[in-house]
Amino acid sequence: MGPHLAGLLLAVAAPGLALGAPGATLEFEFTRGALATADFGDARLSGSENRLAVRGPAIPAGEGQFRWALDYAYQRYEYSGLPTRNRDLHRVEVPLTWRGLAPTAWEAEFRPVVATSSNVFKELWSRGSSDDFMWHGRVLRQREPQGARWGWRAGIAYDDAFGAEQAYPLFALLREHHGMRMELGWPVTRAMLEVGRGFAVGGEVAPAGARWHVVSDERDEAAFDYEVRAWRAGATLRWESSGGLFLTTRAGLEFERRHRLEDDTGATVNRAVGEAGFFELAAGHRW
């Protein structure tokens, strides 16, 4: 972790640590993930990811609660049979969320994002530009499920979950029943079931797209947007101790994949990618 990222972590985390109310939750999580090799036209593509997430405690704010978080991800894509270097991509997101406390309440999130290639990220203060930053967010209305009654969620989001930045609707039906939490909707459907002894199992289907701004030193700092479109369907196994330590494994399939980039000759590569299995292992602690 470079000094710039360490400073960013400290700058974002320190206010939350200072303002957190007694008994509030602070959480750290580290994730290591891998994508299996798949056909990329007449080439091959594989990937790996490291992620560090810091989620701050709830802070009373008006008739609701404010929460902050920081999510850093390092994504590497490796190619064979394509005239381009392997790509090292970095992303930092800082979700800032306010949510009302009533059973039916508003929620708003503002999420600044830095997403760029490794050569720019390590010198962000001198080489970064507005193209490396994105401003994402969402606004929604949610009713929590109560007893046998279903809850619901509806709103609008603006981000790059589908590759290019765009606005799209959010909606879901919510249910909690005998240790199960279900969210049936668009674009995410998920469920988790507590099975005892600190274990929970579940699954999720969700978009897995992203966009980074890349500067190519091989082509005299030519720039382009690297866009990934994909969906993921996977299963989750989670264990949490009474002291707050937790371990999570996720495995499944990434499908409906397409990568758009420029190779080292300057040619645009916009190809479908074959389906590939993914695996993630995460460890963290909650206070």
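Trp 98, Trp 106, Val 139 and Ile 156 make a nonpolar surface patch of about 390 Å². A patch of this kind joins nonpolar side chains (Val, Leu, Ile, Met, Phe, Trp, Tyr) within 5 Å, from residues with over 30% relative accessible area and no salt bridge. Accessible areas come from the Shrake-Rupley method with a 1.4 Å probe, and for residues only the protein chains shown count as cover.

The model is predicted: local features need pLDDT of at least 70, side-chain atom pairs count only at pLDDT 80 or more, and totals for chains, interfaces and linings use all residues. Residues are numbered from 1 along each chain as its sequence is written, and side-chain values use heavy atoms, leaving out hydrogens and water.

Val 139 lies in strand β8 (residues 133-143); strands are DSSP runs of E with at least two residues, numbered from the N terminus. Val 139 counts as partly exposed because its relative accessibility is 42%, where buried means under 20%, exposed over 50%, and partly exposed in between.

The largest nonpolar core has 23 residues, of which Phe 40, Tyr 77, Tyr 79, Trp 212, Tyr 226 and Leu 261 touch the most other members. Elements giving two or more residues to this core include β1 (27-40), β4 (64-80) and β15 (222-240). A second, separate core of nine residues includes Tyr 72, Val 114, Phe 121 and Val 215. A nonpolar core is a set of buried Ala, Val, Leu, Ile, Met, Phe, Trp, Tyr and Cys residues joined through side-chain atoms within 4.5 Å.

A salt bridge is a side-chain nitrogen of Lys or Arg within 4 Å of a carboxyl oxygen of Asp or Glu. By this rule there are 35 salt bridges.

| Salt bridge | Closest N to O |
|---|---|
| Arg 44 and Asp 39 | 2.5 Å |
| Glu 144 and Arg 181 | 3.4 Å |

Glu 144, in the loop between β8 and β9 (151-159), and Arg 181, in strand β11 (residues 180-186), are 37 residues apart. Glu 254 in strand β16 (residues 245-262) and Arg 232 in strand β15 are 22 residues apart. Glu 254 is buried, at 3% relative accessibility, whereas Arg 232 is partly exposed at 22%. Salt bridges with shared partners join Glu 27, Glu 29, Arg 55, Arg 238, Glu 240 and Arg 286 into one network.

Notes: Patch = residues over 30% accessible without salt bridge, like charges linked within 9 Å, V, L, I, M, F, W, Y side chains within 5 Å. Helix = DSSP H or I, 4+ residues; strand = E, 2+ residues; numbered from the N terminus. Buried < 20%, exposed > 50% of the residue type's maximum accessible area, 1.4 Å probe, protein only.
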